[in-house]
Every structure is written in C-alpha cells, then in structure tokens.
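Visitor: I would like to know what the terms used for a protein model rest on. Please take them one at a time.

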Amino acid sequence: MSLARTGGAIARRRRGPLSEVLRPQEAIPRRTYLRILTTSAAALIAAWCVLTYGRLVAPLFLPSPTAVLATGVAMAQDGTLLQNAQASLLVIVTGWALAVLAGVPVGVLMGSFKAVEALIEPVIDFVRYLPVSALIPLLILYIGIGPAEKIAVIFIGTFFQLVLLVADVAAHVPHEQLDVAYTLGASRSQVIRRVLLPATLPGVMDTLRITMGWAWTYLVVAELVSADRGLGFMILDSMRGLFTDRIFVGLAVIGGLGLCFDLVFKWLHRVLLPWSPKA
Amino acid sequence: MIPPPKLRLLDVTVTFRARHGALVPAIDRLSLDVADREIVSIVGPSGCGKSTLLRLVAGLVRPSSGEIRLDGHVVAEPGADRGMVFQSYTLFPWLTVQGNVEFGPRLRGMPDRHCRDVASRFIEIVGLAGFERAYPKELSGGMMQRVAIARALANDPEVLLMDEPFGALDAQTRVFMQELLLDIWEKTPKTILFVTHDIDEALFLGDRVYVMTARPGRLRDEVVLALPRPRTLEIETSEAFLAAKRRVLAMVREEAQRTTPEPSRLRA
C-alpha cells in the first residue's frame with residue numbers, strides 16, 4: 001500500500017529529462033534509445049578524430065580513421081584479410097561445432113539425470129577452472145602447431161563450459177511440465193523426447209551464442225601463441241613491424257565478425273523458435 | 001443398491017524422506033471415496049498434503065502404505081485415465097493451443113484427423129475457438145488454464161485432478177473460470193477432485209467439501225452440499241451455502257492455528 005503511494009508520487013512530480021531516462025528497469029521511447037546510441041557512437045569516433053588529426057597521439061600508437069580505412073581496403077584487395085579471416089573462421093567454426101555436437105547431449109544428460117551428474121561432475125569441475133591457455137603447451141606437444149591444435153584449444157575451451165551451461169538449462173525445465181506429460185499418458189522416453197528436449201531449446205540456443213563469443217577469445221590466444229595465419233597471427237605479425245594500422249584493421253574485423261555471429265544467432269532464435277518468450 | 005465408488009483411497013499413508021534422513025509424514029491413513037461424476041473439493045491449511053493427495057491419485061507419488069483404486073483397479077503409475085491440471089502454467093510453450101490440446105491423443109498415435117477433431121471440440125468447449133494457432137506466450141493466464149483444462153479433457157480421462165488451477169488468477173477471472181468449469185462439467189460430466197484454499201470456490205464447485213487436518217494430512221470432516229445443479233453465483237448468498245461456509249471456515253481456521261504458533265509465542 002505504502003509502496004503504491006510512493007510510486008504515484010514519483011509519477012506525478014515533475015522531473016528533468018535525465019531523471020525520466022534514468023529510472024531503474026523502466027522502458028524508454030525507442031527514439032530516445034536510438035538518439036543516445038548514435039550520440040555514443042559519434043562521440044567515440046569524434047574522440048578518435050580529435051586525438052589523431054589533432055596530433056595529440058602519435059600515429060604509432062593510434063592511427064587515424066582514414067589511415068585504418070585505407071589499410072583495410074588495401075589488405076582486402078591484396079587478399080591478406082580474406083586469407084587470414086578464412087583461416088580463423090575455419091578453426092573457430094570447426095572447434096566450436098565439435099564442442100556443440102559433443103557438449104549439448106552430455107549437458108542435457110547431466111542436467112536431467114542425477115546419476116550422470118555424479119558421474120561427470122568431478123572431471124568437469126576440475127577442468128572448468130583450468131584456463132585453456134595453460135593447456136596450449138601440452139596441446140602443441142601432442143598435436144603440433146597446425147590448425148588441429150587450434151581446433152583442439154577451442155574445443156576444450158568451449159566444451160566444458162557448454163556442458164555446464166546446458167546442464168543448468170536442462171535442470172531448470174519446469175518439473176510440472178514433465179509431470180503433466182506423464183498424466184497425459186506419456187512414457188518415460190516420450191517425456192524425454194517430446195517435453196524435456198524441446199523445453200531446453202531456447203536455453204541451448206542462448207548457450208550456443210554465448211560460447212561462440214568465448215570461442216573468439218580462445219582463438220586469438222591460440223593464434224598469438226603459435227600460428228602462421230589467422231586474424232590473431234595477423235595482429236601479432238603487424239606488431240612486429242609496428243604496423244599499428246594493420247592491428248586496428250585486425251581488431252575491427254574480429255569485432256565485426258563477432259557481431260555478425262551474434263546477430264545471426266539472435267535471428268536464428270527468432271526464426272527457429274518463434275514460440276520462445278525471448279524470440 | 002449403492003454403486004461402487006469411482007475412486008477409492010484406502011488407508012493411504014505417504015512419508016517423505018527429508019534431506020537429513022528423517023521420515024516426514026505428509027498424509028496419514030487417509031480414506032476417501034468419490035462417486036462417478038461427483039465433484040469433490042478438498043480444502044485445508046497450507047502444507048497439509050492436499051497437493052500430495054492429488055499427486056497420489058495421479059500416480060506421481062507412491063503411497064508408503066494403503067492403496068488407491070480407480071474403477072476397482074489399483075493405481076500404480078501415471079496414466080491417461082487420470083488427467084491433471086496444475087496451478088502453475090504447464091502448457092508446452094513450443095506447441096500451439098491446438099498442439100497442446102492434442103498432445104495426449106498424439107501420444108497414443110491417434111490419426112491426425114482424429115486429433116484435430118478432438119482438439120477443436122475441446123478448444124470450442126473452453127471458449128477458445130479462433131486461438132488454435134496461438135502460442136502460449138500470446139495468451140493470458142486465464143486462457144492458458146483453459147487450454148490446460150482442454151488438454152486434460154481431450155484425453156477423455158476417468159478422473160480430472162485439479163490442483164488449485166485458478167489460484168494464480170485474479171479474482172474476476174477466477175469466478176469466470178469456476179462458472180466455465182461447471183458449464184464444461186454439464187457438457188462432459190467427469191469425476192473431479194478439486195484442491196483449493198479458496199473456501200467459496202470449494203463450496204461453489206463441490207458436491208462435497210473435504211476438510212483436511214494440518215500436517216500430517218488426514219480427513220477431518222466432510223461437508224455435503226445439497227445445492228441444486230446447474231449452479232449459478234446466486235447460490236453463494238443462499239442460507240445453505242453460508243451455513244456450510246461457516247462450518248468449513250471454522251474447521252480450516254482451527255487446523256491452521258495448529259500449525260502456526262500464536263503471535264505471543266512468536267514474540268517471546
């Protein structure tokens with residue numbers, strides 16, 4: 001009762017525009033949202049321009065927007081960008097896809113069956129706190145420094161996290177949904193196939209998106225340690241020659257590709273799972 | 001000759017094992033008969049085992065001792081002959097209204113044609129014709145529970161178990177749903193076991209109201225309502241209804257007090 005009265009008072013009192021926008025968890029008009037968004041992006045680019053064209057920072061540390069753009073176009077034209085991006089994409093998609101193929105079933109089993117959880121939790125709990133980067137020397141020793149080693153880095157880095165996230169998703173499928181299926185006459189295998197599995201789909205989809213983001217981190221780490229191609233290698237190689245503009249191109253491409261993957265996953269969620277509350 | 005009861009619970013006891021290993025009794029030597037096409041309401045203080053009682057009949061919980069018989073056969077596990085409607089929203093979000101309602105027939109491998117016909121019939125009965133293609137996220141709470149009732153009825157169960165199905169709805173929707181349920185019952189009479197903590201609801205719907213004791217749940221008493229059907233909301237102001245309400249209310253209050261310590265003791 002007292003809460004409602006306080007709420008009313010807030011709504012009635014006149015406040016400035018800033019206060020209107022800064023109410024916790026409150027929606028703001030889409031136009032306001034876009035305006036803030038463009039202002040923020042413009043401010044970043046403006047700051048970059050001021051720092052570089054105003055000669056406040058040496059080009060060695062921060063090349064100008066036009067310089068980065070020109071280098072990017074040149075690298076795209078001579079094929080280095082495509083070649084390195086292809087190498088990185090091949091590694092990341094292969095490693096991640098293998099981790100998904102293996103990790104999603106294991107995660108669902110772990111989250112649904114206590115026995116499976118008890119069986120694999122000791123391994124997973126130990127390995128998940130082991131940074132993948134710590135395993136790279138061992139992987140080089142076992143596999144060598146080719147693409148297979150980087151695929152292994154991404155697989156290990158993604159697999160264990162994925163299993164835990166998916167297990168959590170499966171464990172949180174509402175128990176009543178399973179119960180209601182039983183009372184509708186479902187057998188145990190029907191409950192698993194027709195209720196448990198579809199119920200995990202939105203959560204699994206989120207997990208795929210999140211782990212793909214992490215996979216980029218592992219990729220760059222793996223390429224910085226040992227590689228002769230790839231976007232991470234390109235950045236490291238550019239640093240050796242103090243080609244800061246090339247480093248910035250590499251960063252922009254990695255960021256851009258990551259953003260693309262994120263958007264694709266969000267789009268897939270909407271298209272494949274139109275029933276999901278998040279779609 | 002008195003017909004044999006549709007559903008019979010005989011001396012049923014349920015004990016759960018708590019986390020620290022102790023045995024906690026939830027239901028204690030409870031016996032209960034329900035006649036065919038009868039609506040029996042069950043009320044009692046929270047935690048008295050009302051829901052456990054329904055889960056027992058559904059076969060989701062096994063009795064520690066005693067037995068449950070439906071049409072003379074012992075109930076051992078869940079089955080399509082005992083449909084259940086839960087308080088929480090249990091529709092399958094990945095299925096449309098139609099998909100949800102025909103879930104049971106499809107499990108039994110019924111032909112598409114039959115599933116569609118059954119689904120549209122019950123969607124019609126619960127007043128949701130036109131919403132066949134909608135997903136649960138597009139429905140209101142009341143509509144979701146109507147689909148849940150249609151889904152349970154589409155299986156043509158012998159008994160309908162309802163566990164506070166309208167508990168999460170607002171007051172107006174709840175009254176509307178109660179009238180709708182009686183209306184559905186007139187069209188397709190079922191034996192219904194209805195658990196609620198709303199005494200008006202229990203009396204309005206039930207032929208009998210069972211009051212359970214505080215944990216461990218036992219049957220304390222039953223109140224028989226000789227109110228005519230079809231019922232309308234007007235009966236809630238009738239003398240018979242009010243007298244029954246006073247009786248049930250007094251019993252529930254007494255039982256609730258046994259579980260809750262008195263305010264003076266709380267302060268000490």
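Guide: Contact means heavy atoms within 4.5 Å. By that rule, and not counting residues up to four places away in sequence, B:Glu179 touches B:Phe204 and B:Leu233. This is a predicted model, in which local features need pLDDT of at least 70, side-chain atom pairs count only at pLDDT 80 or more, and totals for chains, interfaces and linings use all residues. Residues are numbered from 1 along each chain as its sequence is written, chains are lettered from A and ligands numbered from 1 in the order in which they are written, and side-chain values use heavy atoms, with hydrogens and water left out.

Visitor: Why is B:Glu179 called partly exposed?

Guide: Buried means under 20% relative accessible area, exposed over 50%, and partly exposed in between (1.4 Å probe, protein chains only). B:Glu179 has a relative accessible area of 35%, so B:Glu179 is partly exposed. The residue lies in helix α6 of chain B; a helix here is a DSSP run of H or I with at least four residues, a strand is a run of E with at least two, and both are numbered from the N terminus.

Visitor: What makes B:Arg55 and A:Asp179 a salt bridge?

Guide: A salt bridge is a side-chain nitrogen of Lys or Arg within 4 Å of a carboxyl oxygen of Asp or Glu. For B:Arg55 and A:Asp179 the closest N and O atoms are 2.9 Å apart, and the pair counts as a salt bridge. The rule finds one salt bridge across the interface of chain A and chain B. On the side of chain A that touches chain B, α9 of chain A gives the most, with seven residues.

Visitor: How do you know how much area chain A and chain B bury between them?

Guide: Buried area is the accessible area (1.4 Å probe) that two parts lose on being put together, summed over both. For chain A and chain B that is about 2,000 Å², 68% of it on carbon and sulfur atoms. In chain A, the residues that lose the most area to chain B are A:Thr183, A:Leu184 and A:Trp275, together 38% of what that side buries.
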